[in-house]
Amino acid sequence: TRRRTRRRTRRRTRRQTGSVRRRTGSVRRRRRQTFAAARPGTCCTLQPNALFTWSQFKTRPDFQQNTSRGQPIVVSCGEEVTVDEDVDVKGLRVLGSLTFQDGVDVTVKTDYVFVCGKFSIGSPSRRHESKVEIVLRSGAPEFTWPHGPHGPKNFGKAPFVTYGGSLFIRGSQCERAAWTRLQRTVKPVVNPLANVARRKRSTQSSYNRRRRGKRSQDQKGTDGSYHWKWGSVRTDWENNTFWSVTVDSLKQTGVKNVVLGDVRRSSKPLKRARVVVSDEPCQKGALCSGSVCPYKRSFRKASRGWLKKIRFLKFDCRGAKGSHVHLQLEGRARLWFVEMEVHPAEPVATYDLRVEPSAGVAWRAGDRVVIAPSGSSHWQVDDDLRVVRVAGGVVQVRGKMRYRHSGCDTSSASCVQAAEVASLSRNVVIRGQSGCASSKTCGHFMIAHTNTGYVCGAQFTNLGQTAKEGRYPLHIHLPGDSPNLVVRDNAVAFNHNRGVVLHGVNKMLVASNVVYRTKGHCFMLEDAIEMRNRIYGNLGMLPKSLRFGCSHSKDSTFRCPGRSDNHANAFWISNPGNYFDGNVGVASGAAFFMETRHVFGLTRRQYAGELRRNGLGNGKVKGRVKLLRFRNNLAHSSGTGMGNYPKSWNPDGSPMVYESFTCWRCGNGLSARGGVFHFKDARLFKCFAALVSGFVVKIKVFDSQLTGNGGKFWNKGRKFVSAPMIIKKIGFWADVTKDFRIDKATKAWALKHGNYDWAALRKLPGKKAALFR
């Protein structure tokens, strides 16, 4: 009996000990699955005891040995090197300290930059004023750091990566205005969208015998009529048949492009025709002499009606000068087209941009400037302008301007439609090697598993590896809680794979950055785990569609890197638990878009402990995270100002509040789908549909201003006009009074200033004018 008792006691002890061990192992695994556990920490804790300039450092035997063998240069722990001349190396590893001497312009060419020590340009007490250009070369193998806390870490090709080190960049435009607004409207010297050939004198080599009046046939090519028969030009069959128009002003301005209306009745395809700009008239039977404009592309001007049957062909004349524009088919042929449009080239001119004096613009001569659109089209930007000088509130620029840009006194409450002006240049430049885009091997910039850093006043251009996960122009990668991580006043332009990407980061500051012309979203929260970040005063413009070949919304493996980039947004918000204040977006689709589903990607695959730490145990975000702040944001010249999908609501039942949102010249203003939404102090001007319900519990509108854009279209014999509110689509029969509640101040303002066709709205289904009586 005693032996059996002892055996039972030993078994019980083993079971208890084993369960403790199992529980301990589970806790350890959970700890390893958090962002904090993946931080490597600095690779050097020593203070520098050896100081060198780069010109001294490169004379060392170990430096010369690495250079001769094609190996990277290492700044070892305990060393501090100050760059005082141009650098060209196979790779640069900073384990110690690397700084840059001010007063000397420096170019660094390298296959990669790896920082686990200290890398600094400028200091907390002083901005770096000289130029520093870091060029990340393509073609080298992928870089892998072997000493990560959980094994080797691969950073891909041509990275600039900070991994546990200290990164500090403070350029000359740090903490100065990255962008501002126009105080006065500016117009181009010559309107390049104008058709200067309209009703100008024209001639042709022969006349169709079945038509009456030679002169009337000549003028059909520039009379503005697009009728395939009565508004068209037609010649007889002959050798080298042609038609010409004379525009004397083109001798000075030149021709930018020529657009032909093609009804596909010529004997040969018009895209093979010769479009010639010349000072000499064309002779019958001979080939016209002069500058030949190559065919560029075809397009349509309408998707419905008779105009959609006409295909327009564009020929690029590249500023060729001459008083005659000839259209000719070579060999024996018959010419038949409906209209020729001739657009003048933009001359290089000087413009004075009056901006906000309080902005304190500190742009330099030669800086590249972009002006945002003022119309309803997102692409009407001008970015071929260079700063000449800055004097107070006037920035003088020189270059080519194509579009009109609105401005007004932004200190006045009545000023709404004022275009943004931003500088795309910085004295600290990090860029990819020229020509890297075709091979998709451009460099990328990453702060990886590092929760401190300061990047301010830098330019990131020609970066990002198209449609490749984790290879972005400015990428914050899985640092976790990072209240001391700051990215501000930077210019991220002309890149290939998204813009500023926040990935697995909380509590950081992203302020006053400009992202322009990139593939994919301009600003985005990648895995929907990002929370309590402060995203203030940023400008995102012209994101392009980017396809990853998969869809993240129904990917149970969480390996799809796509995040709805095929409908790219200026701001893509996957987690509402952040602070968005004072941002501006311009995009072809939605400027701001909230897509709350669940946690995606690498976080879901490898960091389950982080989900539990944030109270998202099963990874679901929709309906479990409260919208912290969406205030003072602005969208214009976009398809939609602000939208969301799928349904969103706050977990405590409180309303989703959008405060002081401004939207002008958009298709839709504010769109909502889900629970209860409150729109407070909204200004939605010249939108076809100011408010859109995607089926909600209720949308309540307070102290807001709504105006229509005067747009209208016909569908199945019914006239549809610009409306203050709709449900889903303008043609739906759903009753808007069930989804919307409008306060008296909003109602009174819209009735007085809304510019809506109330009579037409009252005839439409869905009671679209019922709330405004």
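Which residue in β24 stands opposite Arg297? Lys314 does. The legends below describe a predicted model, in which local features need pLDDT of at least 70, side-chain atom pairs count only at pLDDT 80 or more, and totals for chains, interfaces and linings use all residues. Residues are numbered from 1 along each chain as its sequence is written, and side-chain values use heavy atoms, with hydrogens and water left out.

**View 1. An open sheet of 4 strands, with antiparallel pairing.** The strand order is β23-β24-β20-β28. β23 (295–299) and β28 (339–344) stand at the edges with a single partner strand each, so one side of each has no neighbour in the sheet. Neighbouring strands are turned by 20° against each other on average, direction ignored; the axes are lines fitted to C-alpha atoms, and angles run from 0 to 180 degrees between N-to-C directions. Strands (E, at least two residues) are DSSP runs, as are helices (H or I, at least four), and both are numbered from the N terminus. Two strands pair if DSSP finds at least two bridges between them.

**View 2. Strands β23 and β24 with an aromatic pair.** β23 pairs with β24 (residues 311–320) in the antiparallel sense over 4 bridges. The structure holds 39 aromatic pairs. In one of them, the ring centres of Tyr295 and Phe315 lie 5.7 Å apart with the planes at 70°, so the pair is edge-to-face. Tyr295 in β23 and Phe315 in β24 are 20 residues apart, and their pair links distant parts of the chain. Rings of Phe, Tyr and Trp (its six-membered ring) pair if their centres lie within 6.5 Å; planes under 30 degrees apart count as stacked, over 60 as edge-to-face and the rest as tilted.

View 3. Most residues other than glycine have a negative phi, and most peptide bonds are trans. Arg318, which is not a glycine, has a positive phi of about 55°; Arg318 is in strand β24. The peptide bond from Tyr645 to Pro646 is cis, with omega near -5°. Pro646 lies in the loop between β53 (640–644) and β54 (656–659).

**View 4. Residues 19–28 and model confidence.** The protein chain averages a pLDDT (the predictor's confidence in each residue, from 0 to 100) of 92, and 95% of the residues score at least 70. Over residues 19–28, pLDDT stays under 50, and the model has 0 contacts beyond four places in sequence for them. Contact means heavy atoms within 4.5 Å. Where pLDDT is low, the predicted coordinates should not be read in detail.
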